[in-house]
Amino acid sequence: MTQLMTFENIREHESLSMYRDTKSARKVMMKEIKRVIEANPIFRGRLEFPIVKGERLRRLINQSLNWQHMQCEDPHQNPAIDTLFVDHVCDPQPSQTISYQSPACSVKSSLSTVAQYASRIGGSFPAKNPATKVIEDSDVLSKRMPIVTVDEVTSTITDHGQNHISELAISKDLPSTVIRTLNEGSSPVSMDFHPVWLTVLLVGTSAGEIGLWDVSCGGKMVARNFNVWDLGACSMALKVALEKDSHVSVNRVLWSPDGFLFGVAYSKHVVQLYSYIGGDELDQILEIDAHLGGVNDLAFSSPEGELLVITCGDDRTIKVWDVVSGNRCFTFEGHDAPVYSVCPHIKDNIPFIFSVSTVGRIKVWLYDNLGDRIDYDAPGLGCTKMAYSADERLFSCGTSKGGESYLVEWDDTVGCFKRVYKGLGPNPLSAVQFDITRNQLLAAGDDHMVKFWHMDNTQLLKAIDADGGLPANPHIRFNSDGTLLAVSSSGNQIKILANANGLDLLQGCGNDSIDASGVESETSRKNGNVAEVNSKTTGEATYGEKAWETIERPSQCQSLQLCADVKRTKISKLIYTNAGDAILALTSNAIHLLWKWPQNDLSSSGKATTKVQPLLWRPTSGLQLMSNDLSSTNPEETMPCFALSKNDSYLMSASGGMISLFNVISFKTMRKVMAPPPAATCLAFDPRDNNVVAIGMDDSTIMIYNARLDKVTNALAGHTKRVTSLAFSTSMKSLVSSGADAQIFVWNADEWKIQKSKALQIPDGSKLRALLQIPDGNKLRALSDSDTHVQFHEDQLHFLIVHKTHLAIYEVKELGCVNKWVSDSSEPISHATFSCDSQTVYASFVDGTIGIFDASVLVLCCRIKPSAYLPADISCSYTVYPLVIAGHPQKPTQFAVGLSNGEVHVLEPLESEGEWGILPTVKRNLESSAPAKTTFQGFLYE
């Protein structure tokens, strides 16, 4: 050191000759330290800084300030927070009373609102408070719970009641006209409309009875009294409870989201699940000895695709059960009082469950065993129910022990409420019941009336007494589209209220009953429609009776496999060109294959034939094959679709991505439109104008797209699930749509308004389970798959409906079922189509067989086994089968099938036969055994 002091420049020393400046030296040192650390295997893979979202700091600041504000002795409703350098404290303000029922126009969007409420009712905020819990679990919640950032600490939610919402316009949507009164045997305590059949009402009573009503005619279709299905399998506690008091009441009834089953929660231990698919029969699915004491609520959820039922009860627990096996998946414990209600939901792909105890304690659970994530208080600290609206808004309604009722909208991310709705009166005897509609309305049964609010206005919109006779707190329930409202009434009655659309719905249903047997409705008979040819009575329309010809050898028919040197997966869509000289296929990997028949000596017309091998068409320009956008989709989860213009020049197609418009002659992509979501699921050109295309979407809407204008001109709403098929009728100027909700809609193709709608008659549960190969032990698996296909008859007055369980022919004007064929086979129908003259229906099955039906009576006349058109090694494997089938546009006896292995085969009868099967014999047998009938346009009428 002394030597260094003698140097005028320390760099004169040999060891310091490379020293430049402090900054550079530190850089060198840091590099060396970093290299040493990275070389240590203990730190390998652990040195990357965690990714922190930009809004994270803001959220933590908000939570901190909310916590400080909660500690204020006199918290202001809109605190002024100017700095973060000192703790926030509200200044004392003049003494004033702020009624919780009459909040100011702005309510602070923070947890402090809950604290303010707790202080006003004289309660204390829980030790395990929302802010503390959120901060404790912040790392977990940031990954698993839906997060919405509050941009400003003092942000407010303005009451939209000041926006002068038109009361007259909203009032038109209110179901306020009493159109039906139903008489139950005891007091109704819970009700739920079917999610698809909008006029079917499920009712549970105080005497333990459940009933199914068709409110369109006021008839009770099914009634069941409570009984334990298997008393020997029940717990001793349940047996003792029933011995002491045999009276059991219903606490809750609820349909599953797809409507194929419903659950009943009883006041003693038990939950029962039934399936209902029409008629007067209920199938017992599952009985669960769920809770000690009463089961207070139940709900359905599908967090990972498997249907679960969630229950809560007097034993202070929430339990999650597998619907198929009946096994208990989760048990959530933590409430210190009986659990009154549950509300499952999925937001931002995060599934979770709200639960509320009888003392108003709200907890949030994820589907794991790690305990509750969030814990806070409901307004009033009483029995409260929560529900999400269709647009993801959370509401709750409850009544305190003192009789004060509260209807509020919540901010579900931080546990505070946004709006408090005014107009509820004191209810000392029971909790107020409420419901939500998809058209932005809230309703609650209060003070012998039904009260309505618009979601964006805290002021009471309207109150009706439903012609009088309502109890103090009537039970209420909307149907899924908000057109009907069921209200419990005195004298064990239920009043059905309707708005204008509800009246149209009931008139459209007429006297049709929800019957899965396929028997013709009274309305159809009055309209002169033919009664169905029932397979059980004729014995000639089922696989059980061999009243048809069976083709099982290649020598019994003509078939041709279309060659292609392109790697392909399964054929998703198949169609002949309108000229009949080519076949177009769409594969599941989004590639279009076009085969064209040459014109030569064997085929002078150039039409499709089994005698000549067509050419896989490629444009001379050298462009690649037409292919759809698959950039953002999983091919296995999409519904590929295409439509060909009537001049065969243009193709609209989609495979889950954007919709492509192709020039079929040049293979050029002319345009891409409508990026998902939602994705297109079906397409149809308007035959009156090639520029107009109807597009069904997976969000249940139908878009009318004008290619010339390159814009959507109309959006049609009616279905509740994805639209699966569309077809135009030129003579009726109508568009028919079908969907996964098992509903048919007829739309006016000029004004794009609904003309008629009908729920399909799905076969009963035993047949459906047999078709799906579901063992008795697995009561429900894949029952929700109700995709349907529609195609118009040549007369444009009737259309074919294809469901995997049955074929049916309907007439357009009244949607009456003319004929129906229900499969008694164990194999579902994969697809079906009319022949070009509509006298034959070709149907393919998943066992590889092809059925050929007489369309006039829907009787099977010929069955083609896979061994007749597939090589022996493939036909015996039972893994290759037709997915789609298409009829030739000019040859009624020719059709093509697209297979699950990517092959396309064309089939025709032998030239010596000229037609398929024993159709004339079947017709003669039917006509000789049936009453005198007249034939009109291929259909039989009484």
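Modeller: Strands are DSSP runs of E with at least two residues, numbered from the N terminus. Leu899 has its place in such a run, strand S58 (residues 895-899). The model is predicted, so local features need pLDDT of at least 70 and side-chain atom pairs count only at pLDDT 80 or more, while totals for chains, interfaces and linings use all residues. Residues are numbered from 1 along each chain as its sequence is written, and side-chain values use heavy atoms, with hydrogens and water left out.

Colleague: Why is Leu899 called buried?

Modeller: Buried means under 20% relative accessible area, with a 1.4 Å probe and protein chains only. Leu899 has a relative accessible area of 0%, and therefore counts as buried.

Colleague: Which residues touch Leu899?

Modeller: Contact means heavy atoms within 4.5 Å. Leaving aside residues up to four places away in sequence, Leu899 touches Lys570, Ile571, Tyr869, Leu870, Val880, Tyr881, Pro882, Leu883 and His905. From Lys570, Leu899 is 329 residues apart in sequence, but 6.2 Å apart in space, C-alpha to C-alpha.

Colleague: Is Thr833 buried or exposed?

Modeller: Thr833, in strand S53 (residues 829-834), is buried because its relative accessibility is 7%.

Colleague: What joins the side chains of Thr833 and Gln791?

Modeller: A polar contact of 2.9 Å joins them. The term requires a pair of N or O atoms within 3.5 Å; within protein, one must be able to donate a hydrogen and the other to accept it, and residues adjacent in sequence count only if both atoms are side-chain atoms.

Colleague: What makes a set of residues a nonpolar core?

Modeller: Its members are buried Ala, Val, Leu, Ile, Met, Phe, Trp, Tyr and Cys residues joined through side-chain atoms within 4.5 Å. The largest core here has 32 residues, and Leu562, Leu574, Ile583, Trp595, Trp597 and Leu651 touch the most other members. Its largest share, 5 residues, comes from S34. A second, separate core of 29 residues includes Ala299, Phe332, Val339 and Tyr367.

Colleague: Which strands form the open sheet, and in what order?

Modeller: The order is S41-S42-S43-S44, with antiparallel pairing. Strand S41 (680-686) and strand S44 (711-717) each have a single partner strand, so they stand at the edges, with one side of each left without a neighbour in the sheet.

Colleague: Over how many bridges do S41 and S42 pair?

Modeller: Pairing requires that DSSP find at least two bridges between two strands. S41 and strand S42 (residues 689-697) have 6 bridges, in the antiparallel sense. The bridge partner of Cys682 is Gly696 in S42.

Definitions and conventions: Helices (H or I, at least four residues) and strands (E, at least two) are DSSP runs, numbered from the N terminus. Buried means under 20% relative accessible area, exposed over 50%, partly exposed in between (1.4 Å probe, protein chains only).
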